[in-house]
Amino acid sequence: PRTERTLLVGILVVALVVRLAYVFALRGNPYFEAPILDPAYNVDWARSLARGDAFAEGAYFRAPLYVWFLALTQVVGDGLLLPRLLQCVLGVVTVLLTWSVGRRAFGPREGLLAAACAATCWVLVYFDGELLIPTLATPLYLAAIHATLGAEQASPRRVALAGLLWGIATLARPNVLLLSPLLALWLWRSGEDRAAGLRRAAGLAAGWLLAVLPITTYNAVAGGEFVLVSTQGGVNFWIGNHPGADGHTARVPGTVGDDFRATHTEAAALARAEAGRDLTPGGVSRHYASKAWDFLFSKPTEAAALLARKAGLFLQDQELGNNQPVLGTALAHAPWLPWISVPFWALVALGAVGFALAVRRAELMPLTGFLVMFAVSVVAFFVCSRFRAPWLPPLMIFAAHGACELARRGRDERGPVVVLGGAAVLVLAGLGLAARPDRALAVAQGLSHLAIGYERAGELDRAGALHERALALAGDDAQIRLARIASLETTRGAAAVLPEVRAILGDHPGFQAARELLLGLLNRSQRYPQLLTEAQALIEDAPNLASAHYYRGVALFGLGRLPEAAPCFERAMHLDPAGSQPAYLLGEVRRRQGRPRLAIAALQTAVTNDHFPGARRQRVAAHVALARGLMEQGDHEAAREVARLLAKREPEAPESVALLGEVGG
C-alpha cells in the first residue's frame, strides 16, 4: 500500500542519514585509518588478499567471508572510508530485511515498527561504522530467515536457495551451525507428507553444503585435516568456559594479550606446550574444546553459575566491548545517537511478550528458532556486544509484535493476556533499569580509549587532556588510571610512575595488566632485583604467561646471570613462538657466551617474526646484531639482505644507514 511504502522509504532514508552522519563524525577518530585488535587483523588480512599475498598458512582460523568483502574494497584503494560507506548501505539493507521479515511473519504494522527500531538502533549504527563481522552477518541472517519462512510448503529448489543463504551466513559467523539441523528436522516433520518434507530437508542441506563445502575442501587441502569452516571455535569455547572465566573477557588464560595474535599464535603455542607435542590448527581447537568440556563436566556447580552469569550478561542493558568501549566510543563522536534508540531493556521486555504469543506458531520456526538458538550459541561461548548485535533485529520484530498485540488486545479484550503481558513488561523493564550502564563511566572509557589512540599518533597534548577528562569522570576505575599512568611515563619516566602502579595493585591485587606494566616499568628503570621478585611472583600465579618468563630472563640478564637467563627466554619463546623480544635477548646471551651459531639462529627468529611491540630500539638492535653475526660467519650476502630489510622497516633510524655502509649494501 502507498502509505506503507511511503513510511518505509522514510525509514530507510533516516537509516542511511543516521549511519552516514555517524561515519563522518568518526573520521577524526585516531583509529579510523589505524585500527587495532580485531579490526586491524581483518584489515591486514584483507589487504594481503588485495595484494595477492599469502596471509596465513593452513586452514582458516576465522570464517573468511567478511574479510573477502573487505578485500574487495581494498582493491580500489587502501583507505578505510569506502568500506564503512558500503557498510552504511548494508545497514540500510538490514533495516529493509527487518521490515520484510516482520511484515511476513506478523503484518505491516509490526514490520514498519521493527524497521524503525533498526533504523535508529545506536548499536547497529555503531557496528556499521566498525570493520567487524556483524555488519555483514546481520543482513545475511535476516535474508536466510526470510527465505526459510514458508519453506515448509515450498519446492525443494526454493528451499535449497534458503539453505544456500544459511550456508553463506555460516561463512560470516558459524553460530548458525546450531540452527541448521533443527531447520532440516522442522522441514522434514512439517506437513502430512513426510516424503515431501524429507525432500525439502534434503534441499536445505544441499544448498547449505553448496556454500560450505568449498571452504571445507580448501581447509583439507591447505591444512591437511577436516575443518568445516574455521579453527577458532575451540579457543573461543575455552575463553568462555574455564575456571576463573567471567563470561565476557576475551582472553585465553596464560596468554599476554586479548588480540588475535594472542587467541591464535600464543594460544596455539600454549596448547602445544600443554600437550607436549606438535598440534595442527584443528588439533589446537580440539585441545581447548576438550579442556572446556572437562571443566563443564568436572565442576558442574561452578559451570552452571558461569552459564547463568553469561545468560544474565546477554540480557543485560550494557554493551560489552572487547575491542574498544562501545557506548563510550559512540558517545564521544555522536552523543545524540543513543537518545534516538529504543532502549535494549524495552526491546527485551516487549520481545518476551511477542515471543510468548508467537512461539506456538510452527510456521515461524525459522524466526523463533533463530532467536533462541543464536542466544544459546553466544551464551555457550562468551558474551560481547558484537556477538549479540545480529540478535537485535529479530528481537525488534518480536518486540514490535508484542507491542502491537498488547495494544490490540488491550482495546478488544482487556483479558488475562494483557495483564500478564503488562506485568512481564514491567518486571523486565525494572530489571533493565536496574542494570543500565553507568553513563559517566562509559564516557570516561571512551575518552581514555581515544587518548591512547592520540598517543599512538604522537598527539601527546591532546591525549593528556583526554586522560584528565576521563579521570575527572571516573577516577576510581583501575583501567582508566592505568592508561593515564602509562601515558605519564613518556614525560615523567618509568621510575616516577612506579608508586602509582603499586597503588593500583594495592586496590586491585589481581589486576594482571597492572602487574605486567609494573614489570615493564621495573625493566625500563633497571631495577633488576625487584623485577626478578615480581616476575617470579607472576610466574607462580600464571606459569604459562610468556611475558612473565621473559621479564624474569631480563632481570637475570641485567644481573649478569646469563646461564639462568637463557632458559627463561627459551621458555618464553616456547610459549609465544611468534614473539621477537625473547629471541633477541637469547641471541645476545648466546653471543656473550661465545656460541655464535646459536646466537644467529635466535636472532634470525627475532628478525623473521618482527614482533617488537613498543620496543623499536630492540628491533633495530636485533637486525644489527644478526647482520654483524652473519658477517663474522662469512655470509656477506645474507648480512646485506638483513641490512636492506632494516632499511625498509626502519628507514629513519641512523643505524639503518650505518649498517648498510658497514656490510657494503
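Arg408 is partly exposed, with a relative accessible area of 26% (buried is under 20%, exposed over 50%, partly exposed in between; 1.4 Å probe, protein chains only). Arg408 pairs with Glu405 in a salt bridge, at 2.1 Å from N to O. The structure holds 30 salt bridges (a Lys or Arg side-chain nitrogen within 4 Å of an Asp or Glu carboxyl oxygen).

This is a predicted model, in which local features need pLDDT of at least 70, side-chain atom pairs count only at pLDDT 80 or more, and totals for chains, interfaces and linings use all residues. Residues are numbered from 1 along each chain as its sequence is written, and side-chain values use heavy atoms, without hydrogens and water.

- Glu405 and Arg408 both sit in helix α19, residues 392-412 (helices are DSSP runs of H or I, at least four residues, numbered from the N terminus).
- The two are three residues apart, so about one helical turn separates them.
- Glu405 counts as buried, at 10% relative accessibility, whereas Arg408 is partly exposed.

- Arg649 forms a salt bridge with Asp610, with the closest N and O atoms 3.4 Å apart.
- This pair links distant parts of the chain, 39 residues apart. Arg649 is in helix α32 (636-649), and Asp610 is in the loop between α30 (596-609) and α31 (616-632).
- Arg649 is partly exposed, at 24% relative accessible area.
- The side chains of Glu637 and Arg644 also meet in a salt bridge, at 3.1 Å from N to O.
- Glu637 is partly exposed at 44%, as is Arg644 at 34%.
- One network, joined by salt bridges that share partners, takes in Asp610, Arg616, Arg619, Arg649 and Glu650.

**Positive phi values**
- Asp610, in the loop between α30 and α31, has a phi near 50°, a positive value in a residue other than glycine.
- Gln526 also has a positive phi, near 60°, and is not glycine.
- Gln526 lies in the loop between α25 (512-524) and α26 (528-541).
- Gln526 is exposed, with a relative accessible area of 56%.
- Most residues other than glycine have a negative phi.

**Second largest pocket**
- The second largest pocket has a volume of about 890 Å³ (an open set of 1 Å grid points where a 1.4 Å probe fits, with protein on both sides within 12 Å along at least five of seven lines; the volume is the space filled by probe spheres set on the points).
- It is lined by 32 residues (those with an atom within 4 Å of a point). Closest to its centre are Pro174, Leu177, Gly233, Gly234 and Phe381.
- The elements that give two or more residues to this lining are α11 (233-240), α13 (281-298), α17 (365-379) and α18 (385-388).
- The most comes from α13, with five residues.
- The lining has 18 nonpolar, ten polar and four charged residues (Ala, Val, Leu, Ile, Met, Phe, Trp, Tyr, Cys and Pro count as nonpolar, Asp, Glu, Lys and Arg as charged, the others as polar).

**Nonpolar surface patch**
- Val75, Val76, Leu82 and Leu86 make a nonpolar surface patch of about 360 Å² (residues with over 30% relative accessible area and no salt bridge, nonpolar side chains joined within 5 Å; areas by Shrake-Rupley with a 1.4 Å probe).
- Leu82 lies in helix α4, residues 81-105.
- Leu82 counts as partly exposed, at 35% relative accessibility.

Methods
Patches are made of residues with over 30% relative accessible area and no salt bridge: like charges are joined within 9 Å, nonpolar side chains (Val, Leu, Ile, Met, Phe, Trp, Tyr) within 5 Å.
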